[in-house]
Amino acid sequence: MKRFGNDMRRIIQIAPIIFFFSLFASTIQADTYIVGAQDIEYSPYYDFSSQHEKGVGWAILEAFSRQSGHQFIYLSMPIKRLQIELKKGNVDFVFPDNPRWSEPLTHSLDKVYSLPLVDTFAVTLVKSKNQGRGMTEVKKLIIPDGFTPAKWKKQISENTVNIVGVKSVYEGLSLLNKEEADAMDVEYNAAHRILRRYPNIDQLTADLTLPHNMVSFSISTVQHPDIIKEVNAFILSNSKALDEIKDKYGIEETQQLTQRLMKEQGLETNDLWSSL
């Protein structure tokens, strides 16, 4: 009976995907590809649940689509399922992806990554009154589900930092605002997009004395390295057009953003957090 229950759960989990493929089977052509995308709102980078603007990653892929003639269908699914479906061949590409992320399911496969579609700035947010207190003051760290807090790996392994998982950026910001955790590991622009929408959440600071780094968002594939070559050529030959897309979504260049935050926080270069 237990085995039957497990089988039924598997059927329920894959049913939406089976339905998706049957729905589009009559319309998918040889040059139409399925992009598996994370099913969380991470604007301005991606929000595939939106009926209109789906983020800068989508906008860049659509610009490539118009130039190349390749068509993309976007299938939103849980983060932990993306690599499973890529390995099975149920999706052709995954976005976002990064060769530095730990992906044991596809690590042994010949997975190919594009050049970065966009660079992001992962920071540690704290209450403004706690800015500059250092890593030892962070006991509870908020992380969106499915994300890996690589910059905090040592503290987590030593049990000096406990992880608080959340289903959305908004949930994490709300917990931090209510001081139910000490900090949040999150992308700067994604957090501030939410903060502008919810002014009741305030007085949070991207503390540059705490872990931060630039993280690239690429598209990855196992079956279509030839398309990745086309994507790379598109990125290299259309830098001005891509910059205009990023400007449209309000993405500030990382170095410029870092300098602005340093000035606001009164920091010098030797004050900044370093992984060394």
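This is a predicted model: local features need pLDDT of at least 70, side-chain atom pairs count only at pLDDT 80 or more; totals for chains, interfaces and linings use all residues.
Trainee: Which element gives the largest share of the lining of the second largest pocket?

Mentor: The second largest pocket holds about 190 Å³ of space. Strand E5 (118-127) and helix H8 (239-248) are the elements that give two or more residues to its lining. The largest share, three residues, comes from H8.

Trainee: How many residues of the lining of the second largest pocket are charged?

Mentor: Among the lining residues are Asp119, Lys246 and Glu252. The lining also includes Val118, Met214 and Thr254. Divided by class, the lining has three nonpolar residues and one polar residue, and the number of charged residues is six.

Trainee: Is the pair of Tyr33 and Phe72 stacked, edge-to-face or tilted?

Mentor: The model has 16 aromatic pairs. In this one, the ring centres of Tyr33 and Phe72 are 6.4 Å apart. Planes under 30 degrees apart count as stacked and those over 60 as edge-to-face. The planes of Tyr33 and Phe72 stand at 45°, so the pair is tilted.

Trainee: How many residues apart are Tyr33 and Phe72?

Mentor: Tyr33 is buried at 9% relative accessibility, and Phe72 is buried with a relative accessible area of 9%. Tyr33 belongs to strand E1 and Phe72 to strand E2, so the pair links distant parts of the chain. Their separation is 39 residues.

Trainee: Is Trp101 buried, partly exposed or exposed?

Mentor: Trp101 pairs edge-to-face with Phe217, their planes being at 75°. Phe217 is buried, at 4% relative accessible area. Buried means under 20% and exposed over 50%. Because its relative accessible area is 28%, Trp101 is partly exposed.

Methods. Residues are numbered from 1 along each chain as its sequence is written. Side-chain values use heavy atoms; hydrogens and water are left out. On a 1 Å grid over the protein atoms alone, a cavity is a set of points where a 1.4 Å probe fits but cannot get out, and a pocket is an open set with protein on both sides within 12 Å along at least five of seven lines; lining residues have an atom within 4 Å of a point. Grid points are joined across faces, edges and corners, and a volume is the space filled by probe spheres set on the points. Helices (H or I, at least four residues) and strands (E, at least two) are DSSP runs, numbered from the N terminus. Ala, Val, Leu, Ile, Met, Phe, Trp, Tyr, Cys and Pro count as nonpolar, Asp, Glu, Lys and Arg as charged, and the others, Gly among them, as polar. Rings of Phe, Tyr and Trp (its six-membered ring) pair if their centres lie within 6.5 Å; planes under 30 degrees apart count as stacked, over 60 as edge-to-face and the rest as tilted. Buried means under 20% relative accessible area, exposed over 50%, partly exposed in between (1.4 Å probe, protein chains only).
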